[in-house]
Amino acid sequence: MVTVNLGLLHYVLDHVYGAFMHRTKLSPPFFSRGWGGSKLELLERMIKQLFPGMAGQNWPPTSIHPIWRTVWESRTACLREGVFRTPCDEQLLSALPPESHIARVSFLTPKGVPPQKMACVVHLAGTGDHTFERRLRLGGPLLKENIATMVLESPFYGQRRPLLQRGAKLLCVSDLLLLGSATIEEARSLLHWLDSEAGFGKMGVCGLSMGGVHAAMVGSLHPTPVATLPFLSPHSAVVAFCEGILKHATAWEALREELAAQQAAMTLEEVKERMRNVLSLTDVTRFPIPKNPSAVILVAATDDGYIPKHSVLELQKAWPGSEVRWVTGGHVSSFLLHNGEFRRAIVDGLNRLQWKEESPL
C-alpha cells in the first residue's frame, strides 16, 4: 500500500502552479519597470508619518456617494453595481494612474430584511482577482444568513488597470503601496457608507491572500468594531515577495540595475534588503489592535507554499484575542476547496459583534 503525504502534495501543487504562472514567459514579472522613483519616495514618507501616531488616530473615513445601477433582481435578492470617485487625498490621487481614479463595487443584498437586521461584508481582491465573480460566489450563499456582500474592484485591477500593465503584474514597486493605500481608503469609506447611509446593523471586511492583508489593515484602522477576516494571508508583503513563491516572479535584475545606476554596484542580496525595507511598511503587526479582536478570525492553510505558518502566527500574537483556524491544503487548493470554511469564519466573526442598537450590559 502506497501512502501519500497530502501536505507535501499540496505544497508541491503550489510550487508547480507558481512555476507555471511566474517562471514561464507567459507574462512579465512583477516590477519590470523598477521601483517607481519619486512616487515610491512619496509613499514611503506618507506611510512612515502614520506609524508613530497611528494607535491614537481614528481619523474618520471620507464620505463617498456611489451611483448605483441594478444588474438583476429576484424575489429574494438584488445585485447592484456602483461607481464612486476614490476618496484618496490629492497626493495619492496624483500618484494613481487615471484609470484607477473611479472605484467600482458590486453589491449583493437579500430582500425583505430591514438593513439594521442585516450584516454586510466588504470583500477585497487577492492577487490577480480582476473581476467580481469569485467573491460574489463566496458571498452568495450567505444571503440566507441575512449577510450582504460588497465586492470592491482594486485599483490597478479589472477596469481600473493601467494601459501598459499586463494582468496583475504591477509595473513598479510603488504601485504595490499605491494599490494598498487606495484600497484601504476605499474600503474604510465603503464601511462608513454601509453604516451611516445604508444603515446596516453589522459590518465586516475580508480578503484572500493580498486582500487579507488589506482587510486586516482596514479592520485595524476602522474607528468602529468590524469583523476582520484575513484568509490565506501573510502578516506582511515582505513574506509574499521575499520568502514565498512570488520571489520567483519579481524582476530582481531590473530593480538591481535601477539602484546601481543611482549609486555603487549592488549585489542581489542588497536589492532584496531594500525590498524588505520598503515592504516592511505593509507589516500589519505594526498597526493598532482592532476594536474587537475577538471578531478577528484568520483562516490559514497547513501546507501553503506562498504563506509560511510563522507569518500567520505573528499576526495572531500581535492581536491577542484573535483566532486562527487551519484548513488542510496549500494556497491554491485551499482557495479552490475551502470556501465553506471561509463562509463559516465570516458568520462567526459577525456573530462576535453586537448589533448597532445594542449596548453593553
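The model is predicted: local features need pLDDT of at least 70 and side-chain atom pairs count only at pLDDT 80 or more, while totals for chains, interfaces and linings use all residues. Residues are numbered from 1 along each chain as its sequence is written, and side-chain values use heavy atoms, with hydrogens and water left out.

We can start with the interior. A nonpolar core is here a set of buried Ala, Val, Leu, Ile, Met, Phe, Trp, Tyr and Cys residues joined through side-chain atoms within 4.5 Å; buried means under 20% relative accessible area, exposed over 50%, and partly exposed in between, with a 1.4 Å probe and protein chains only. The largest such core has 81 residues, and those with the most contacts inside it are Phe31, Trp35, Met150, Leu194, Phe241 and Met275. Helix H5 (residues 173–196) gives the most to this core, with 12 residues; helices (H or I, at least four residues) and strands (E, at least two) are DSSP runs, numbered from the N terminus. A second, separate core of 22 residues includes Cys206, Val327, Ala345 and Ile346. When neighbours within four places in sequence are left aside, Phe241 is in contact (heavy atoms within 4.5 Å) with Phe30, Phe31, Leu176, Leu246, Lys247, Thr250, Trp252 and Leu279.

Turning to the rings, Phe, Tyr and Trp (its six-membered ring) pair if their centres lie within 6.5 Å; planes under 30 degrees apart count as stacked, over 60 as edge-to-face and the rest as tilted. The count comes to eight aromatic pairs by this rule. One of them, Phe107 with Trp193, is edge-to-face, at 5.9 Å centre to centre and 75° between the planes. This pair links distant parts of the chain, 86 residues apart: Phe107 in strand S3 (residues 102–110) and Trp193 in helix H5. Phe107 also pairs with Phe200 in a tilted arrangement, 6.1 Å centre to centre and 55° between the planes. Because Phe107 lies in S3 and Phe200 in the loop between H5 and strand S6 (202–208), the pair ties together parts 93 residues apart in sequence. Phe107 counts as buried at 1% relative accessibility, and Trp193 is buried at 12%. Trp68, Phe107, Trp193 and Phe200 form one aromatic cluster.

Arg80 is in turn the bridge partner of Thr70 in S2.

Conventions
Pairing = 2+ DSSP bridges.
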